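Subject: Structure handover

Hello,

Here is the structure I promised to pass on. Please open it next to this note, and then read on for what turned up.

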Amino acid sequence: GDGSDENIWKLLLDRDFSPYTRDSPAATSWTGAPSARLLYARMAAVENLVNPEWKQVYPVNGSRTVLDRQGAAGDVINGCAVVYGGWTSGWDTIRNDVHLLRSRQKSDGRQFLEWDPVVCHGAAPPPTYGPTITTMLHPEHGPCLATYGGVLYGGYQGAVGELRLLVPCPSEFTGKDTAAKDKNDEGVAAEKAESCDAEMEDSDGGDGGRAAGG
């Protein structure tokens, strides 16, 4: 039956991928944990890349949003690539902003990539380059992003030891674009970000005052 099949796949997961299965981004989902069979397929696809090839892609709004930057941190949450912080070519140089790279569909069915700035509230971490950002499964908030470290000033001066969580509402990091499916204009990213804010929390779970993430 289905129960016995699930148990078999769980045994295979433990045999082939433990201890990585529990902490893998492939294991997290806003809709609940995937079946053991689906999780095994995801882990196998990542583990057994054959003849990988680099390809350059051009998100439709990269030059207007995420900008050129170095020392940024990145991870993946629910199918969206995340870029956080870093040293940019913009006027404010060192940043603490958050951007998601989403795959979207035009009205004619063609897929395209677009950067979305995420509006963050709460006690934001200081702007840094060289920080880390890591997807984790929080016991209360579910999938979220943990930021740590980085450097405040040029010349690698001013190391930071703060740990913060970026806790999204359920629709923010799903990778789905329900409100703007057929739109393709500059206002889409800001409109989407304002509809559902993400919250910053410090490492002990306390919220601070409102602070924009960029």
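What pLDDT does the protein average, and what share of the residues score at least 70? The average is 74, and 68% of the residues score at least 70. Keep in mind that this is a predicted model.

Two stretches call for caution. Over residues 175–197, pLDDT stays under 50. The model has 38 contacts beyond four places in sequence for that stretch. Residues 205–214 also stay under 50. For them the model has 22 such contacts, again beyond four places in sequence.

Now the overall picture. The protein has three helices and twelve strands. It counts 214 residues, and 39% of them are buried. Among contacts with a separation of 6 or more, 57% join residues 24 or more positions apart. The accessible surface is about 12400 Å². Carbon and sulfur atoms make up 52% of that surface.

Next, the salt bridges. The structure holds eight. One of them pairs Arg102 with Asp116, at 2.7 Å from N to O. Arg102 sits in strand E4 (residues 94–105), and Asp116 sits in strand E5 (residues 111–118). The two are 14 residues apart, so the pair links distant parts of the chain. Arg102 counts as buried because its relative accessibility is 1%. Asp116 is buried as well, with a relative accessible area of 2%.

Another salt bridge joins the side chains of Arg104 and Glu114, at 2.5 Å from N to O. This pair also links E4, which holds Arg104, to E5, which holds Glu114. Here the partners are ten residues apart. Both are buried.

What about Arg110 and Asp108? They form a salt bridge too, with the closest N and O atoms 2.8 Å apart. Arg110 is exposed, at a relative accessible area of 51%. Asp108 is partly exposed, at 49% relative accessibility. As for a network, salt bridges that share partners join Arg102, Arg104, Glu114 and Asp116 into one.

On to helix H2, which covers residues 36–47. Which residues of H2 are buried? They are Ala36, Leu39, Tyr40, Met43 and Ala44. These cover an arc of only 135° around the axis, so they lie on the same side of H2. An α-helix has 3.6 residues a turn, so residues three or four places apart point the same way. On the other side of H2, Arg37 and Val46 are exposed.

Last, two backbone details. Leu67 is not a glycine, yet it has a positive phi of about 65°. Leu67 lies in the loop between H2 and strand E1 (69–70). Leu67 is partly exposed, at 25% relative accessibility. Asn78 also has a positive phi, near 50°, in a residue other than glycine. Asn78 is in the loop between strand E2 (73–77) and strand E3 (80–88). Is Asn78 buried or exposed? Asn78 is buried, because its relative accessible area of 16% is under 20%.

Best wishes

How values were computed: Residues numbered from 1 in each chain as written. Predicted model: local features only at pLDDT ≥ 70, side-chain atom pairs only at ≥ 80, totals over all residues. Heavy atoms only, no water. Helix = DSSP H or I, 4+ residues; strand = E, 2+ residues; numbered from the N terminus. Buried < 20%, exposed > 50% of the residue type's maximum accessible area, 1.4 Å probe, protein only. Contact = heavy atoms within 4.5 Å. Areas by Shrake-Rupley, 256 points an atom, 1.4 Å probe, with all protein chains shown as cover. Salt bridge = Lys/Arg side-chain N within 4 Å of Asp/Glu carboxyl O. pLDDT = per-residue confidence, 0-100. Expected span 1.5 Å × (residues − 1). Arc of directions from axis to C-beta.
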